[in-house]
Amino acid sequence: MKETDREAVATAVQRVAGMLQRPDQLDKVEQYRRREARKKASVEARLKAAIQSQLDGVRTGLSQLHSALNDVTDIQRSLADVSRDWRQSINTVESLKDVKDAVVRHSQLAAAVENLKNIFSVPEIVRETQDLIEQGALLQAHRKLMDLECSRDGLMYEQYRMDSGNTRDMTLIHGYFGSTQGLSDELAKQLWMVLQRSLVTVRRDPTLLVSVVRIIEREEKIDRRILDRKKQTGFVPPGRPKNWKEKMFAILDRTVTTRIEGTQADTRESDKMWLVRHLEIIRKYVLDDLIVAKNLMVQCFPPHYEIFRNLLSMYHQALSTRMQELASEDLEANEIVSLLTWVLNTYTSAEMMGNAELAPEVDVSTLEPLLSPDVVSELLDTYMSTLTSNIIAWLRKALETDKKDWLKETEPEADQDGYYQTTLPAIVFQMFEQNLQVAAQISEDLKTKVLVLCLQQMNSFLSRYKDETQSYKEQHLRDRQHPHCYVQYVIAIINNCQTFKESIVSLKRKYLKSDAEAGVSLSQPSMDGILDAIAKEGCGSLLEEVFLDLEACVEDAAQHDGHVWRPPPAAKQHLSELMTRKWLLGSNAVDTICVTVEDYFNDFAKIKKPYKKRMTAEAQRRVVLEYLRAVMQKRISFRSAEERKEGAERMVREAAQLRHLFRKLASGFGEDADGYCDTITAVAEVIKLTDPSLLYLEVSTLVSKYPDIRDDHIGALLAMRGDTSRDMKQTIIETLEQGPTQANPNYVPIFKEIVVPSLNVAKLLK
């Protein structure tokens, strides 16, 4: 108590200290005292009220305990009296056994009397029920059936209670009501027929469907009641439980399965598009059925039946089974695509399960796949295998068709820019496009795989294409009059190479994601290399045509009067005229070369720019090479300084003439066309030199510019001058050998391809 007092005093001191922290608060001491006094009085009043309430509760409790004690005492006395009376009446109860049996018999007779009217009217009720079933009055028929079953079950239950082992009486009752089970089965058939056509019935006569559901729901309640009684008595009437609700869902499930399977109207033999048609019919039927079920059928069934959810599950399972069956068949490539597109895309799209009219009840994200990943993978493997074979066959057929076109006597078609081309690139890439578009409908992964396959097969195809173009060239060289339009088709083949390159880039840009670019682009350099090789070979073939018509052998050239681009007759011997006495005295050989080359290149204008640019540079190199080869042939040896001057000046003029020609041909390419022609000018400077003492300096300048020039080349040049002794030639050559030159890294060798003939060959040429 003292401790409590101390705590109270300490608390009070703390409160007073909190109130009197400033001097001006001393004036309010009286006010604080009155406020605390009021609080104290209030607390004391609440405390007194609480104590009084507790005291009243205790008083009431004591009073109730006293009353309970008295009641317990009275009950004990009453129980003692009941126990005494029960022991005295045991013998009396045993004497009432006969009364008990009489009561049981009375109960049975009462049940018989109660059902007497029904018992005598059973045949009539059976006929009425049968008529009602046939008339479609299902609810009324079920009511009478329930009455019959109730009478039968009641009698059998009473018999079971009286003597469960008396099978004779039970059989007698069951036989008398034997028609009842037949009526139940007949009514069930009618119910199942309505349920099988429920999607049609719900639109035409929803009342009939509601009646069927009500009958099933009644039977479910009776089944539950029977089962509850079985737990107590062990008695179950015949034909129970009927489980009509379970059978109803089984009927709906079979109906859905039959509806899905029955949509196949055609076979592959009768219609190539049988699967597309079959899948489209399934899509339409399933979507229409589910919309009807969602909007109408749910109104005819109790909510706990969850009819739409169950129907959705049935349709999904039936579709999955049907898709498995289709996948197990020997499908063609286009059929596999149709099936996978439908399963992976169409099924969950807005055209079917994702339709707005099915939302929100149908969530496509929760639907299980119609086909397992293993089946899908197997189908994709089969598709890729079949597609590979088809692409190989298509490419082979396309190449064979193109080869036939090469032999035609009509020129190939030209594109909108006037460039010759064949239909091969368009056919090939149209085929690739179609297959990629189809693959894209299935998945991005398949699209990438198909693109890789197309590029791989394209690589192999280009190798065959290269071999066929080489055979085409060899066939032409055996008889230059055939094929008639050889040059035009070679131009078309060259242009096809550029078209192929552009189409490959376009195809990859269109169908390849950036993250997969690295893996697929590896095939591009290989294909570009093959295409460039084909184009280079084609350009070489065309240049061979030019130089075959420029070669010196008049006899061979004269046999090709039927060639498409036949040059003037004078062009046949101009190459052999270069660096001869006839040339020195005044020959138009270079004029003819320029005219012939320009004439050919007017037709080569139908070659696309990248390859035409390379071909122009190669033509210039070949012409200059032939010119220099004529210089090195030792066909002429100048006899005087005047001849050397005249010959050198003629070479300079002809170099300028050739330079002008190739500048003209190279216009629009933006490249220097003077490089090779300058070589002729440099050689002319060596020949033009009048002071033999400066000959070494001039030759060394030539060697520094053209480091691939050899000793025999220098010897041929000096021999052509005609004024250098053997010792001077040897001195110049030996001196040049002692000072090796540093080659320009950008220098393209030209002299290394020129072979200087031996002395005997030179004499023969003279």
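**Notebook: a look through the helices**

Of the 766 residues of the protein chain, I find 41% counted as buried. A reminder to myself: this is a predicted model. I looked up the secondary structure next, and the protein chain has 32 helices and zero strands. For the surface, I noted an accessible area of about 41,900 Å², with 53% of it belonging to carbon and sulfur atoms. I also checked how far apart in sequence the contacting residues lie. Among contacts in the protein chain with a separation of 6 or more, 74% are between residues 24 or more positions apart.

**Helix 15 against helix 16**

I then turned to one helix pair. Helix 15 covers residues 333-346 and helix 16 covers residues 373-406. Their axes are 9 Å apart and the packing angle is about 145°. I noted the crossing of helix 15 past helix 16 as left-handed. On the helix 15 side I listed Ala333, Ile336, Val337, Leu339, Leu340 and Leu344. Facing them from helix 16 are Val376, Leu379, Leu380, Thr382, Tyr383, Thr386 and Asn390. By type, the residues of this contact are ten nonpolar, three polar and no charged.

**Cysteines**

How many disulfides does the model hold? The count is zero. Cys497 is in no disulfide, and the nearest cysteine sulfur, on Cys539, is 8.7 Å away. Cys497 has 0% relative accessibility, so I put it down as buried. Cys677 is in no disulfide either; its nearest cysteine sulfur belongs to Cys594, at 8.9 Å. Cys677 counts as buried because its relative accessibility is 0%.

Is Glu643 buried or exposed? Glu643 is in helix 27 (residues 641-665), and its relative accessibility is 16%, so it counts as buried, the cut-off being under 20%. Leaving aside neighbours within four places in sequence, I found Glu643 in contact with Arg581, Leu584, Ser637 and Phe638.

Thr469 sits in helix 18 (residues 444-478). Thr469 has a relative accessible area of 12% and is therefore buried. Beyond its neighbours within four places in sequence, Thr469 is in contact with Trp406, Ile493 and Ile534.

Arg622 belongs to helix 26 (residues 609-632). Not counting residues up to four places away in sequence, Arg622 touches Leu543 and Phe547. I also looked at Arg622 and Tyr676, which are 54 residues apart in sequence but 9.4 Å apart in space, C-alpha to C-alpha.

My last check was the backbone. Most residues other than glycine have a negative phi, and most peptide bonds are trans. Where do I find a cis peptide bond? One joins Ala359 and Pro360, with omega about -5°, and Pro360 lies in the loop between helix 15 and helix 16. Another cis peptide bond joins His482 and Pro483, with omega about -10°. Pro483 is in the loop between helix 18 and helix 19 (486-511).

Then I looked up positive phi values. Glu306 is not a glycine, yet its phi is near 45°. Glu306 is in the loop between helix 13 (274-295) and helix 14 (307-328), and with a relative accessible area of 39% it is partly exposed. Met579, also not a glycine, has a phi of about 60°. The loop holding Met579 runs between helix 23 (574-577) and helix 24 (581-586). At 1% relative accessibility, Met579 goes down as buried.

Terms used:
Residues are numbered from 1 along each chain as its sequence is written. This is a predicted model: local features need pLDDT of at least 70, side-chain atom pairs count only at pLDDT 80 or more; totals for chains, interfaces and linings use all residues. Side-chain values use heavy atoms; hydrogens and water are left out. Axes are lines fitted to C-alpha atoms, for helices over the stretch in contact, and angles run from 0 to 180 degrees between N-to-C directions. Helices (H or I, at least four residues) and strands (E, at least two) are DSSP runs, numbered from the N terminus. A crossing is left-handed if the near helix is turned anticlockwise from the far one by less than a right angle, and right-handed if clockwise. Contact means heavy atoms within 4.5 Å. Ala, Val, Leu, Ile, Met, Phe, Trp, Tyr, Cys and Pro count as nonpolar, Asp, Glu, Lys and Arg as charged, and the others, Gly among them, as polar. A disulfide is a pair of cysteine sulfur atoms within 2.5 Å. Buried means under 20% relative accessible area, exposed over 50%, partly exposed in between (1.4 Å probe, protein chains only). Accessible areas come from the Shrake-Rupley method with a 1.4 Å probe; for residues, only the protein chains shown count as cover.
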